[in-house]
Amino acid sequence: MILQEVGPRGQERLGAARVAVVGTGTAAERVVAYLAAAGVGWIAADPELHAAVDRAQPDLTIAPVEEAERGLLDAVVLTAASVAAASALATAWRRRVPSTHWIAGGRAGALPPCPVCAAAAATPAAA
């Protein structure tokens, strides 16, 4: 068992999960590495991110992100330099994936419903 606190049933669900990581850079590399280490069974990502995964991990399939566009996904993680860029990426994915998350400009969270809301979410709260 990889994560004892998740339990056997949770680990089975992680092993069966299909996640796409859209984007490149340090954030995307870390997301891919953490998903693989947690035991996610199928990850689609840009080929330059494949090196972030230990190839000796059992029961892991890592595929090009193009394959995610044709397959059924449980989640997609969008990485971008800005919230606006993450919102633009989300437009096509949001209709097909039940769980869409973003990492942009050093912030992370569930993707707000529109670019205006995304920009508002990225604005620091007044002190």
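**Reading the features**

Tutor: The structure holds 1 salt bridge, a term for a side-chain nitrogen of Lys or Arg within 4 Å of a carboxyl oxygen of Asp or Glu. This is a predicted model, in which local features need pLDDT of at least 70 and side-chain atom pairs count only at pLDDT 80 or more, while totals for chains, interfaces and linings use all residues. Residues are numbered from 1 along each chain as its sequence is written, and side-chain values use heavy atoms, with hydrogens and water left out.

Student: Which residue forms a salt bridge with Glu12?

Tutor: The partner is Arg9, and the closest N and O atoms are 3.6 Å apart. Both residues lie in helix H1 (residues 7-16), 3 residues apart, which is about one turn of the helix; helices (H or I, at least four residues) and strands (E, at least two) are DSSP runs, numbered from the N terminus.

Student: Is Glu12 buried or exposed?

Tutor: Buried means under 20% relative accessible area, exposed over 50%, and partly exposed in between (1.4 Å probe, protein chains only). Glu12 has a relative accessible area of 52%, so it is exposed, and Arg9 counts as exposed at 57%.

Student: Why is strand S4 described as largely enclosed?

Tutor: Strand S4 (residues 75-80) is largely enclosed by the rest of the structure because 5 of its 6 residues are buried. Strand S1 (residues 18-22) runs parallel to S4, joined to it by 4 bridges, and two strands pair if DSSP finds at least two bridges between them. Val21 has Val77 in S4 as its bridge partner.
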